[in-house]
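Biologist: I have a new model open and would like to go through it with you. Can you take my questions one at a time?

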Amino acid sequence: MSLRDLIGDDDLPAGTLRELREVFRRRDVPDDIKRRYISLRARQQQLEQQLDDTSSALDDLHEQIKARKRREQNLEKRLIYNEKTGLANHTVLDNDLHSFLNEANSSPAPRDIVVYIIALDQSFEDAKRSLEPSLSDWIIYETGERLKECLPANSRLYHTRETEFVVVMVHNHSGDVVEYYADRFYEEVSRRFTLPKYTISIGCYIGIACHPDHGSSKRSLLRNADIALSNSIRLRRVSTTYRPEMSVAVIEKIELQNSIIKALEEQTIAEINRQFELHYQPLIEIESCSGTVPQGRVVGAEALIRWHHPSHGLVAPDRFIPVAEESGLIVPIGTWALYTASDLLASWGVRNGKGFEHLFVSVNVSPRQFRDEYLLSNIERALSRAQVAADNLRLEITESSIMDDPEDSLYKIHRIREMGIEVSIDDFGTGYSSLSYLKRFPIRSIKLDRTFMRDLLTDKATMSIVKAICNMAAGLGIEVIVEGVEQYEQIQYLWDLGCRRYQGFYFGRAVPEDLFSAELDDWSMEDSSHGA
Ligand code: C2E
Ligand code: CA
Ligand code: CA
């Protein structure tokens, strides 16, 4: 028996190996004792090694846990403190108010809770425009510090929005002190700021609401303090304490605003209706492509705008959309298109049972309209006004719109999808983005640009681009809609690449709504073959 046989294959430290070799060579120790000693020693060494490994793994784990805790704490800090002032933010205010109110409501001695909203006035915005960002940040920081200085006991300061601070005070009896503190806050905020080259004064307005007189819930207290603040701003008074009459005025104002918006909306729609019209081009899904004509059915339509200019006659969209885009007029026109398409969907919905309820209408959204902050609320209004389901509406957005501001686009497309609306990328293949990049966006389909159709059957380069796009799309689970098909041969070629949805003059041009609906009636009665 050799030493190796006794210690096995494991690598032992050189020292241990030397020691065991010596034991092995000793002649004064009986063989069986030597053997047991050596194998036990080797085993002990292995266990020690394992223990070392485990404890260093444990150390690693400890380090990882500590790092994660640090990250969580940082995140938590950012979630509850304002970055610029280090003051507690609205989340903390929300929690604190909740517990202050609970305490006050269960305490035997009456307790007043006073909420002050302190908003910097326009002079801060003006200063910000001409100052370096670090200086305007310093003003905000300093404002927080000054307010902190004059807080009495039992009160807390919050930094809730960039130019807004909130103070909550708990008193046994607030009495006259409410106004005293409002004056103190104003004095502190409006004291001059001395900067390296100038001195600057910033003003503020204050709105106040007290528990229990002006509200017993946190929502009502904050809302009423906010209403009081609006009053201060409107009347240019330093501070205002809430009075119930103020709410009546606010409700009236909201109602008035709503009816003005509604009237304007109706009027705008009526105006645009007078000169613009939507035409609809069918979108076909092919089910078989072996006969003399393809077999398929209409699955939806794309809404395409037409302008009947009072003196120029019919103006093509390619001519006026870029102008409308540049002037911003595309926003009301695009909104009108959303409303009008939703109305058509509603009229199809009424014909329930004829298969129309599954059809979708796809509306083009221009880059400017996509950037518009009211896009989402406009879509919501269009759908709820016509009372149609979101999944009957689709939106077409171009690649370049998305690439303008990918982060914002990601947010918007997610919101649109959450509403239940599918998004297609229009004119695909003309832009610069790759399909794998676009996969980050939750899109349903791409519309293969119609320029590819021109030489699809003759140009090798076009063929290989189209083939690559179709392969990639299939791999990513994105549907391809082919635009601009004019010949059956194109469809046969694309069918072999896996394309099933088509749009183009081969199946039909865009036609006015009534004609389209009438054709739908015909199509739904025929054996669903088109294009012959
Ligand atoms: P688009 O979104 O790519 O719309 C498809 C265009 O291809 C339409 O032109 C359609 O008539 C045309 N087309 C369809 N099938 C064929 C075909 O087989 N062969 C050929 N050669 N052309 C075909 P249209 O209606 O002139 O619209 C042009 C562009 O104007 C649209 O391109 C779209 O970008 C824009 N547009 C149209 N309506 C609206 C709208 O309501 N809002 C916005 N933002 N843009 C719109
Ligand atoms: Ca389109
Ligand atoms: Ca297109």
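Predicted model: local features only at pLDDT ≥ 70, side-chain atom pairs only at ≥ 80, totals over all residues.

Biologist: Is Asp 426 buried or exposed? And what about Glu 483, buried or exposed?

Modeller: Asp 426 has a relative accessible area of 7%, so it is buried. Glu 483 counts as buried too, because its relative accessibility is 6%. The cut-off for buried is under 20%.

Biologist: How far apart are the calcium ion (ligand 3) and the calcium ion (ligand 2)?

Modeller: They are 3.8 Å apart. Asp 426 coordinates both of them.

Biologist: What are the protein donors of the calcium ion (ligand 2)?

Modeller: Glu 302 (OE), Asn 364 (OD1), Glu 396 (OE) and Asp 426 (OD). They lie 2.1 to 2.3 Å from the calcium ion (ligand 2).

Biologist: And what spacing do those donors of ligand 2 follow along the chain?

Modeller: For the calcium ion (ligand 2) the pattern is E-x61-N-x31-E-x29-D. Glu 302 belongs to strand 9 (residues 295-309) and Asp 426 to strand 13, so this pair ties together parts that are 124 residues apart in sequence. Glu 302 and Asp 426 are both buried.

Biologist: Changing topic. Into which domains is the protein chain divided?

Modeller: The assignment gives domain 1 as residues 3-65, domain 2 as 90-242 and domain 3 as 278-520. The centres of domain 1 and domain 2, taken over C-alpha atoms, are separated by 71 Å.

Biologist: Helices next. At what angle do helix 6 and helix 7 pack?

Modeller: About 145°, with the axes 9 Å apart. Helix 6 covers residues 133-149 and helix 7 covers residues 177-190. The crossing of helix 6 past helix 7 is right-handed.

Biologist: Which residues of helix 6 and helix 7 meet there?

Modeller: From helix 6, Thr 143, Arg 146 and Leu 147; from helix 7, Phe 185, Glu 188 and Val 189. Sorted by class, the contact between helix 6 and helix 7 has three nonpolar residues, one polar and two charged.

Biologist: Where is Gln 45 found?

Modeller: Gln 45 sits in helix 3, residues 31-80. With a relative accessibility of 10%, Gln 45 counts as buried.

Biologist: What is Gln 45 in contact with, leaving aside its neighbours within four places in sequence?

Modeller: With those neighbours set aside, Gln 45 is in contact with Leu 12, Pro 13 and Thr 16. As for Asp 11, 34 residues from Gln 45 along the chain, the two C-alpha atoms are separated by 9.7 Å.

Biologist: What about Lys 34, buried or exposed?

Modeller: Lys 34 counts as buried, because its relative accessibility is 9%. Lys 34 has its place in helix 3. Neighbours within four places in sequence aside, Lys 34 is in contact with Val 23, Phe 24, Arg 25, Arg 26 and Val 29.

Biologist: Now the backbone. Is the peptide bond from His 211 to Pro 212 cis or trans?

Modeller: The bond from His 211 to Pro 212 is cis, with omega near 5°. Pro 212 is in the loop between strand 6 (204-211) and helix 8 (218-235).

Biologist: What is phi of Arg 236?

Modeller: Near 50°, which is a positive value in a residue other than glycine. Arg 236 is located in the loop between helix 8 and strand 7 (239-241). Its relative accessible area is 68%, so Arg 236 is exposed.

Biologist: Last one. What is phi of Gln 387, and where is its place?

Modeller: Phi of Gln 387 is near 55°, again a positive value in a residue other than glycine. Gln 387 lies in the loop between helix 13 (375-386) and strand 12 (393-398). Gln 387 is exposed, with a relative accessible area of 71%.

Key: Residues numbered from 1 in each chain as written. Chains lettered and ligands numbered in written order. Heavy atoms only, no water. Donors = N, O, S within 2.8 Å, 3.2 Å for Na, K, Ca; no water. Buried < 20%, exposed > 50% of the residue type's maximum accessible area, 1.4 Å probe, protein only. Axes fitted to C-alpha atoms, helices over the stretch in contact; angles between N-to-C directions. Helix = DSSP H or I, 4+ residues; strand = E, 2+ residues; numbered from the N terminus. Left-handed = near helix turned anticlockwise from the far one by under 90°. Contact = heavy atoms within 4.5 Å. Nonpolar A, V, L, I, M, F, W, Y, C, P; charged D, E, K, R; others polar. Domains from an automatic or database assignment.
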